[in-house]
Every structure is written in structure tokens, then in C-alpha cells.
Amino acid sequence: MNSSPISSAQTGVHEQLAELVARHAQHPFRKPVTDYNQRAFDASMHAWQSAGAAPLILDTGCGVGLSTLNLATQYPDHFVIGIDQSADRLARNTHWDGPQPENLCFVRADLVDYWRLAQQTGLRPARHYLLYPNPWPKIGHLARRWPGHAVFPSIVALGGQIECRSNWRIYVEEFAAALNQLSGLSVQAEAWHPAAPITPFERKYLASGHALWRCVADLDQGRAT
């Protein structure tokens, strides 16, 4: 595998990130939720509750679902919901060995709507993963990255242990900075050396010699403002 490292003119946390995060915290995102995403959310909640409503893990932006399968195996006493907006990605062969764990479901939905619906219903996941999201590395793309997106306060409000991973250190530093600003915690980006990759991107980046980064926060120690 040979994946090119991320190239960006940005050399550190975006100078406008704090202002953008503050603005989004003060002005809730009012975009209407689509009927399709409401149905998808309801279906995933039904699957979770029908399975016994075990402590919940959200694998948001799960792609082909390999991370969801790995997390369900790693946490057999939890229920994992893998969410992605692409039906094509969800339908791909994940090259999973053995039977699929039963403590999971997959749902096709737009994350912006799914996160807001989760917040509105008072959902409190035990764990929440954002693994290798699109980094949008151009300086002008800040608002497209999750830390700079209007939905970020809803992500933080869900609580639980949240983890973001990327092969671009700045993305994780921005994620940590936005978490700190909204939660009052002190979260730092850290180098990440997985014993075994759990997503295709993680595997590809490791094989290409990329440095990996993550931040982890227990949001139940703080609350979004």
C-alpha cells in the first residue's frame, strides 16, 4: 500500500477555530431533519433496544463497517451501531473472518441528522468513535471538519468516552481543542500505535508509514456549554 501523506498549507490549529466553536455553541443548528434520517435513526434504536439495550457504542462514519465489527468483538457486552451515509460503502466486502458478531447493526444515515436526533432523544452512548474522518485539509475548509462544523456541540453533548483518530495531527489537535472549549476538560492529541488496525484506513496508513494520532476524552467528566 502507498498512501500519500496529507498536504496542507495549515501548520497548526486554525486561528478561527475557537471563534467558530463559540458561535456554534451559542446558535444551535436548526437545519430540518429529513424523514429518511429520522426513519434510519428510529430503526437503529429499535435494533438496539430489541437486542437488550446494552451499553451503546456509536461508530460514526464507519465506512465499510470493519471498525464496527472489530468494536463489537472487542466489547461483547456492548451494542455497536455503525453509521455511514453511503449505501455503497456499507455494502462492500469487509474481508471479515468468521461469523459476524450479533451485538451490532448498521444504518445508512447522514451523521449531522443522526447526531442531532441522538441528542434530542437524550441518548448517552458509553463510547463514541470518529475514526479517520475526511480531513478537509485546505485552510478554507475548516467548517467542513467536524470540530468546526455546526453539529459539533451536539456531538459533545452526547457524552461518554469519545475518540477521534487521524493521520493528520492538526485534525486531532483541532478536535481536542474544540472538545476542551466546550467541555472544560484538558484533552491532548497523542501519537497512536495500534497493536492491530481496526479500519481499512488505519491499515493503509500504517502500511504507508504514516504517523497516526488520536485524542480520547471522557465527556461525562465535563459538560458542553
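Trainee: How many aromatic pairs does the structure hold?
Mentor: It holds 5 aromatic pairs. Keep in mind that this is a predicted model.
Trainee: Okay. What kind of pair do phenylalanine 41 and tyrosine 114 form?
Mentor: An edge-to-face one, with 5.0 Å centre to centre and 70 degrees between the planes. This pair links distant parts of the chain, since phenylalanine 41 sits in helix H2 and tyrosine 114 in helix H5, 73 residues apart.
Trainee: Are those two buried or exposed?
Mentor: Phenylalanine 41 is buried, and tyrosine 114 is too.
Trainee: Switching to the helices, at what angle do the axes of H2 and H5 cross?
Mentor: At roughly 55 degrees, and the axes come within 10 Å. The two helices are therefore oblique to each other, and their crossing is right-handed.
Trainee: Which residues make the contact?
Mentor: H2 brings Asn37, Gln38, Phe41, Ser44 and Met45, while H5 brings Asp113, Tyr114, Leu117 and Ala118. Sorted by class, that contact has 5 nonpolar, 3 polar and 1 charged residues.
Trainee: Back to rings: why is the pair of phenylalanine 152 and phenylalanine 175 edge-to-face?
Mentor: Because the planes of phenylalanine 152 and phenylalanine 175 are at 90 degrees, with the ring centres 5.2 Å apart; planes over 60 degrees apart count as edge-to-face. Phenylalanine 152 belongs to helix H6 and phenylalanine 175 to helix H7, 23 residues apart. Both phenylalanine 152 and phenylalanine 175 are buried.
Trainee: And which residues form one aromatic cluster?
Mentor: That would be Tyr132, Phe201 and Tyr205.

Notes:
Residues numbered from 1 in each chain as written. Predicted model: local features only at pLDDT ≥ 70, side-chain atom pairs only at ≥ 80, totals over all residues. Heavy atoms only, no water. Axes fitted to C-alpha atoms, helices over the stretch in contact; angles between N-to-C directions. Helix = DSSP H or I, 4+ residues; strand = E, 2+ residues; numbered from the N terminus. Parallel < 35°, antiparallel > 145°, perpendicular 65-115°, else oblique. Left-handed = near helix turned anticlockwise from the far one by under 90°. Contact = heavy atoms within 4.5 Å. Nonpolar A, V, L, I, M, F, W, Y, C, P; charged D, E, K, R; others polar. Phe/Tyr/Trp six-rings, centres within 6.5 Å; stacked < 30°, edge-to-face > 60°. Buried < 20%, exposed > 50% of the residue type's maximum accessible area, 1.4 Å probe, protein only.
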